[in-house]
Amino acid sequence: MLSFKKIEQSDINELKKYYDYDECMGCDTNLLNAYLWRNEYNIKFAFYDDTIVKVYCNPDESVWGYCMPTGKNIKGALEEVFKDAEERNGNLRIVMLTNGNRAMLETMFPDKFDYVRSPENQDYIYTSRDLATLAGKRFHAKRNHISKFYRTYTDTRFETLSDSNIPDALTVAKLWCAENDTDPEASSEITAIREMCDLKDEYNVKGAVLYVDSKPVAMTLGSEISPKVYDINFEKALREYDGVYAVINNEFAKTLTQYEYINREEDMGLEGLKKSKLSYNPVIILDRWNAIPKKR
């Protein structure tokens with residue numbers, strides 16, 4: 001069987017070299033993301049012939065889903081995946097496939113799989129220019145929303161992330177948890193946000209805090225997928241401040257114009273979140289598919 005182990009911080013830079021970052025746009029190729037969510041989704045990696053295989057495991061450590069291998073011997077690694085699944089429990093599912101992954105898998109193993117679309121896991125990707133400028137009729141409502149915010153709240157301040165305002169970013173995240181009936185002390189998101197802040201200098205983590213009347217009311221954190229794509233990992237705001245999400249989204253995008261694209265990740269199947277992400281007019285919706293062996 002393949003030998004899987006949970007990703008550690010020391011693995012992040014080592015694993016990056018297996019990805020072709022000229023082509024990567026999805027948040028699943030962000031190794032810092034995998035590290036931050038390693039416990040929540042039980043994410044593990046294995047090596048085979050200078051190729052890596054990423055998996056999501058169940059609480060009992062059985063494999064819930066294999067990801068498409070990446071490296072020099074993808075077909076050989078897939079054959080090992082098939083053997084591994086059979087030896088474990090026969091549960092062969094290859095998950096989080098992009099359209100390109102799906103085409104490659106079908107070419108290598110024609111007619112072996114049925115493909116089921118996974119819309120809750122698709123990434124919403126925008127041009128940084130669109131999110132920073134909000135130009136044109138498509139963004140008329142967004143511009144109005146932001147203007148209303150600044151008319152309503154006249155004492156505002158936007159700060160990029162620094163050691164001095166990390167506590168304020170965490171305060172916003174904890175208050176957001178309380179608003180949404182989540183215990184901040186038990187929240188995996190709070191743990192991930194705290195870890196991400198601790199690693200900001202090592203992994204080009206950027207972020208921001210928005211203040212109204214000197215009170216922190218919104219925060220955001222992001223990290224680099226590639227030199228052309230930036231990933232928004234977290235964005236939290238207090239609901240009593242109308243328009244606050246539009247403001248921090250726009251202000252933070254203005255600091256990311258060196259990137260061509262901004263990935264705002266998936267909607268997790270939440271209709272309200274889907275509506276919000278669509279309202280920003282994504283230029284790419286990165287489809288995801290799960291491959292399930294055909295019944296013979």
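Predicted model: local features only at pLDDT ≥ 70, side-chain atom pairs only at ≥ 80, totals over all residues.
Me: How do the lining residues of the largest pocket divide by class?
Reply: They split into 21 nonpolar, 11 polar and 13 charged.

Me: And the second largest pocket, what's its volume?
Reply: About 520 Å³. Its lining has 23 residues, with Tyr19, Cys24, Thr29, Thr98 and Asn101 closest to the centre.

Me: Which elements supply at least two residues of that lining?
Reply: β6 (94-97), α4 (99-108) and β14 (284-286) each do. The largest share, 3 residues, is from α4. By class, the second largest pocket is lined by 12 nonpolar, 6 polar and 5 charged residues.

Me: New topic: Asp123. Where is it placed?
Reply: Asp123 sits in strand β8, which covers residues 123-127.

Me: Why does Asp123 count as buried?
Reply: Because its relative accessibility is 0%, and the cut-off for buried is under 20%.

Me: What does the Asp123 side chain make a polar contact with?
Reply: The side chain of Arg288, at 3.4 Å. Leaving out residues up to four places away in sequence, Asp123 also touches Met25, Gly26, Cys27 and Asn263, among others. Glu265 and Glu266 are on that contact list too, and both are among the residues closest to the centre of the largest pocket.

Me: Switching to rings. How many aromatic pairs are there?
Reply: The count is 12. One of them is Phe149 with Tyr153, a tilted pair at 5.0 Å centre to centre with 55 degrees between the planes. Tyr153 also forms a tilted pair with Tyr241, at 5.3 Å and 55 degrees.

Me: Where in the chain are Tyr153 and Tyr241?
Reply: Tyr153 is in the loop between α6 and β9 (156-160), while Tyr241 is in the loop between β12 and α9. They are 88 residues apart, so this pair links distant parts of the chain.

Me: Are those two tyrosines buried or exposed?
Reply: Buried: Tyr153 has a relative accessible area of 17%, and Tyr241 is at 10%. Phe149 is buried as well.

Me: Which residues do ring pairs link into a cluster?
Reply: Phe82, Phe109, Phe113 and Tyr115.

Notes. Residues numbered from 1 in each chain as written. Heavy atoms only, no water. Helix = DSSP H or I, 4+ residues; strand = E, 2+ residues; numbered from the N terminus. Buried < 20%, exposed > 50% of the residue type's maximum accessible area, 1.4 Å probe, protein only. Polar contact = N/O pair within 3.5 Å; in protein donor to acceptor, adjacent residues only side chain to side chain. Contact = heavy atoms within 4.5 Å. 1 Å grid on protein atoms, 1.4 Å probe; cavity = no way out; pocket = protein on both sides within 12 Å on 5 of 7 lines; lining within 4 Å. Nonpolar A, V, L, I, M, F, W, Y, C, P; charged D, E, K, R; others polar. Points joined across faces, edges and corners; volume = space filled by probe spheres on them. Phe/Tyr/Trp six-rings, centres within 6.5 Å; stacked < 30°, edge-to-face > 60°.
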